[in-house]
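Student: Please pick a single part of this model and take me through it closely. Then place that part in the wider chain for me.

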Amino acid sequence: MTKPSPIPAGLRRKCGRCGKGNLFDGYLKFAPACSVCGQDFSVADTADGPAFFVGFLALIVLAPFYFVLPMLTLPIGLMALGYIAISAIAIGMCLALLPVFKATLFNLQIEHRAEEARFEDLGGD
C-alpha cells in the first residue's frame, strides 16, 4: 500500500497513513483509531493551531470589507445588514475550514512524528 501525502489526505479529512479511514467521529472529535488501517489517533494533538490558522485566514480575506464598509455612505439599515452579512460569511468560513485545517495539521504531526517540546536539564549542578 502506498502512503498518501498528509496534506491531500487532510483536505479530505481522511487518515494520513492509509488515506481511506475517516479522522473524525463528529464535527471536530477525532475517532479513537482509523477504521481501515488501525492508526491510533491519540498519538497527536493539534491544540489551538487549526483555530489560529483559520482565524488568521478569515481575517486576511474579510478585513478589507470591514474597513471599506464604514467608508460607504449607506443608510444605517443597509450598513447593519452589511455587517451582519460579513459576520455570517466569517462564521461560515471558519466553521467550514476548521475541520479541514485540524485534519491537515494532525496528519502532518503524524507524518513528522511531532511531539510536545520537552525542556531537559542541561546544567551540571
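Tutor: Let's start with Y66, which counts as partly exposed because its relative accessibility is 31%. On this scale, buried means under 20% relative accessible area, exposed means over 50%, and partly exposed is what lies in between, with a 1.4 Å probe and protein chains only. Y83 falls in the partly exposed class too, at 29% relative accessibility.

Before going on, a word on the basis: this is a predicted model, in which local features need pLDDT of at least 70 and side-chain atom pairs count only at pLDDT 80 or more, while totals for chains, interfaces and linings use all residues. Residues are numbered from 1 along each chain as its sequence is written, and side-chain values use heavy atoms, with hydrogens and water left out.

Now to the rings. A pair of aromatic rings is described by the distance of the centres and the angle of the planes. Rings of Phe, Tyr and Trp (its six-membered ring) pair if their centres lie within 6.5 Å; planes under 30 degrees apart are called stacked, over 60 edge-to-face, and the rest tilted. The structure holds six aromatic pairs. One of them joins Y66 and Y83, whose ring centres are 6.1 Å apart with 25 degrees between the planes, a stacked arrangement. This pair links distant parts of the chain: Y66 belongs to helix 2 (residues 49-68) and Y83 to helix 3 (residues 76-112), 17 residues apart. Helices here are DSSP runs (H or I, at least four residues), as strands are (E, at least two), numbered from the N terminus. Elsewhere, ring pairs link F24, F30, F41 and F106 into a cluster.

Helix 3 also holds L105, which is partly exposed because its relative accessibility is 23%. Leaving aside neighbours within four places in sequence, L105 is in contact (heavy atoms within 4.5 Å) with T46, G49, P50 and F53.

The loop between helix 1 and helix 2 contains A47, whose phi is near 50 degrees, a positive value in a residue other than glycine. Most residues other than glycine have a negative phi. At 56% relative accessibility, A47 counts as exposed. R13 sits in the loop between helix 1 (6-11) and helix 2, and its phi, near 60 degrees, is positive as well. R13 is partly exposed, at 40% relative accessibility.

Stepping back, the protein chain has three helices and zero strands, in the order α-α-α from the N terminus on. Its radius of gyration is 20 Å, well over the 14 Å that the globule rule gives for 125 residues, so the chain is more spread out than a compact globule. That radius is taken over C-alpha atoms, and the rule is 2.2 Å times the number of residues to the power 0.38. Along the principal axes, the C-alpha atoms fill a box of roughly 65 × 50 × 20 Å. Buried residues make up 30% of the 125 residues. Among contacts between residues at least 6 apart in sequence, 52% join residues at least 24 apart.
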